[in-house]
Each structure stands twice: as structure tokens, then as C-alpha cells.
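Subject: Structure handover

Hello,

Here is the structure I promised to pass on. Please load it first, then read the notes below.

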Amino acid sequence: MELRQVRYFVTVAQELHFGRAAERLHIVQSAVSQQIRRLERELKTELFDRSARQVRLTAVGERFLPEARALLAAEERARAAVAELTGGPGATLRLGTSTGLGAHLDRVLDTLARLAPETRVELVAVRARDRLDRVASGELDAAFLRGEPDGTGRDGLRFVPLWQDPLVAVVPARHPLAAAPGPVALADLGPVPLVLTARRNNRALVDLVVHACHDAGFVPVPGPAYGSLDDTLTAIGARGPSDGLWTVVYASHARRLSTPRVAFLPFRDPGMELTTSLAVRRTDPPAGVDPLLRACAAPDGSEALDLDR
């Protein structure tokens, strides 16, 4: 068994598609398929069910996946230990990220660079559930998470609260609400169709917005679905004063979006925010996690965290 084969297996298991896995690995698809076949011959069993139109893990593949991730995490720890003893390049901190961290992430990375200049940071953008799975398995060293974690299997993780991420409403720049002074009330958005991502993509965000609308006295009118935030903002910006749409983005992200055809409005209603936490393993965290926690502790120089939580 070669670590290369294990790495290919984990990538295919994440993508459930040989072509996308090959793109991530920057190799041709035939090479990925060949190495997976060799690994299966070595293990004397099939790891993937290729009979369906979609690639799926077999029962053995599902059982092998956490062990494969542990192998890759052990490889990284071994490399880091050797580098520390020999004065070689510093370890790589694999950090799961979330869309819209904006200036928060910039401040954390700048502070980390001062605290641990020898540490390289590899940013990995995947869904929240995948982020936590990868931290638990050792494939990621830490990950940002907004809201409370869902599902089971989180006993081996701890969640260090970092900061509050307020939401803002996005409406067409020509909509009457965009010209109104002060923050917007959720109730004023009741008649306007709401565009949100599917709940499976961001449970914490969707639940917060929908429940807040209910508390404000209305059930949100569902708007059309779009493939990306860029598409959503373009569609909202194209609407006129009387046929608007609205959505939400994090205030930290809104500051990065240069879209004059939409307006970003803070909410008058309390509670329109999510807590961002850092997920780390309770036991055997890599050395790079400590300076990362310290970098997160006061990203704007005014806040401190309980690092022993």
C-alpha cells in the first residue's frame, strides 16, 4: 500500500467522482483509476461501487475512509516532527474555511504570520459537515464553523467561540427600502420573495433567517433558486422598485462585494447574527493550533477567548 494510493482514495471518496478527483490532484483520470484499482487489489476488496451512475463507497470503503485519513494525518505529523528537529521548512496548518469570513480571516492570518512565521497555512473550502469530519479524522487541523454543529460524532472536537457575524439584508438598489433611513425591519421584507441557499448547504444560516421571519410575524415568500451568490446578487440587482427579491449575506462579506446595483441593509431586529467558532480536536492537536487560537483570540485587538474551553 502506498500513501499516494491512500491520498487518491480519500480524494475520490470526497468527490464521489473520478474526474473531479483527478482535477483536484492535477493528474489524469486514468492514473487515479489505476492507482485505486491497485489499492483494491492490495486490500483484496472493492472500495467503490462503480455499478451505479454515481460512484459510491462500498461498506468496506466507508470503514476504510477514516483510517485512510488517519494515515495521511500521521504522515503530516511525521513530516512536521522531522522539520522541527532538522530546522527544515515549518509544518503546514490545514485550515477549513467558510465563505464570507472577509476581514476576519485576513486579520487572523496576519497575526498568525507574526506569531508563527515558519508555519504555512493551507486553506480548504468545503461544506461545514465535511469540515468537521476532516478535523475529527486529522485531515484538517482546525476549521471555522458558524452556528452550532449538527449531527453526531463530534465528541472528539471542541469548539472555541471567536466572534459574532452579523447578517445584512440585500435588496435592489432601486427598492424603496434601500432609500429608507436606518436599519431595515424584517417585517418590512415580508412581501418580498426571499432567495436562500438550500438548507442542506447551510443549516445554521437558513434556520436563523426562517425562524427570525416567523418571529417577525410572517412566513417568507420563497424566491427563485440561483446557482451561486454572484448569480443571486446579479438577479437581485436587475429587479426594479416594485418586483424586488432579497437575501442575506454576512456583513464581513458585504464589505468585499462591489455591486452598486444592490444595497446592503443592517437589520433592526436583534439576533440576526451567528457565532463563528474554531473546531479543533480535543486530544493530540498539532502544534500549529495553539498559535492559531492565539491569532483568533483578538483579531481586532479588543477581544480575548477562553482557550481552555
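A salt bridge here is a side-chain nitrogen of Lys or Arg within 4 Å of a carboxyl oxygen of Asp or Glu. By that rule the structure holds 14 salt bridges.

Some ground rules. This is a predicted model, where local features need pLDDT of at least 70 and side-chain atom pairs count only at pLDDT 80 or more, while totals for chains, interfaces and linings use all residues. Residues are numbered from 1 along each chain as its sequence is written, and side-chain values use heavy atoms, with hydrogens and water left out.

**Salt bridges**

Start with Arg146 and Asp165. Their side chains form a salt bridge at 2.9 Å, N to O. Arg146 sits in strand β5 (residues 142-146) and Asp165 in strand β6 (residues 157-172), so the pair ties together parts that are 19 residues apart in sequence. Helices (H or I, at least four residues) and strands (E, at least two) are DSSP runs, numbered from the N terminus.

Are these two partners buried or exposed? Arg146 is buried, at 8% relative accessible area. Asp165 is buried too, at 1%. The cut-offs: buried is under 20% relative accessible area, exposed is over 50%, and partly exposed is in between (1.4 Å probe, protein chains only).

Next, Asp130 and Arg127. Their salt bridge is 3.6 Å, N to O. Asp130 is partly exposed, with a relative accessible area of 24%. Arg127 is partly exposed as well, at 48%.

Then Asp290 and Arg294, which meet in a salt bridge of 3.3 Å, N to O. Both lie in helix α11 (residues 289-297), 4 residues apart, about one turn of the helix. Asp290 counts as partly exposed because its relative accessibility is 40%. Arg294, at 47%, also counts as partly exposed. Elsewhere, salt bridges that share partners join Arg37, Glu40 and Arg50 into one network.

**Helix packing**

How do the axes of α1 and α2 cross? Helix α1 (residues 3-15) and helix α2 (residues 18-25) have axes that come within 8 Å and cross at roughly 125°. That makes α1 oblique to α2. The crossing of α1 past α2 is right-handed.

Helix α3 (residues 29-43) packs against α1 at an angle of about 110°, with the axes 9 Å apart. That makes α1 roughly perpendicular to α3. Here α1 passes α3 in a left-handed crossing.

Conventions for these values: axes are lines fitted to C-alpha atoms, for helices over the stretch in contact, and angles run from 0 to 180 degrees between N-to-C directions. Under 35 degrees counts as roughly parallel, over 145 as roughly antiparallel, 65 to 115 as roughly perpendicular, and the rest as oblique. A crossing is left-handed if the near helix is turned anticlockwise from the far one by less than a right angle, and right-handed if clockwise.

**Backbone**

Leu16 has a positive phi of about 50°, although it is not a glycine. Leu16 lies in the loop between α1 and α2 and is partly exposed at 27%. Lys44 is not a glycine either, yet has a positive phi of about 60°. Lys44 sits in the loop between α3 and β1 (48-49). With a relative accessible area of 73%, Lys44 is exposed.

Best wishes
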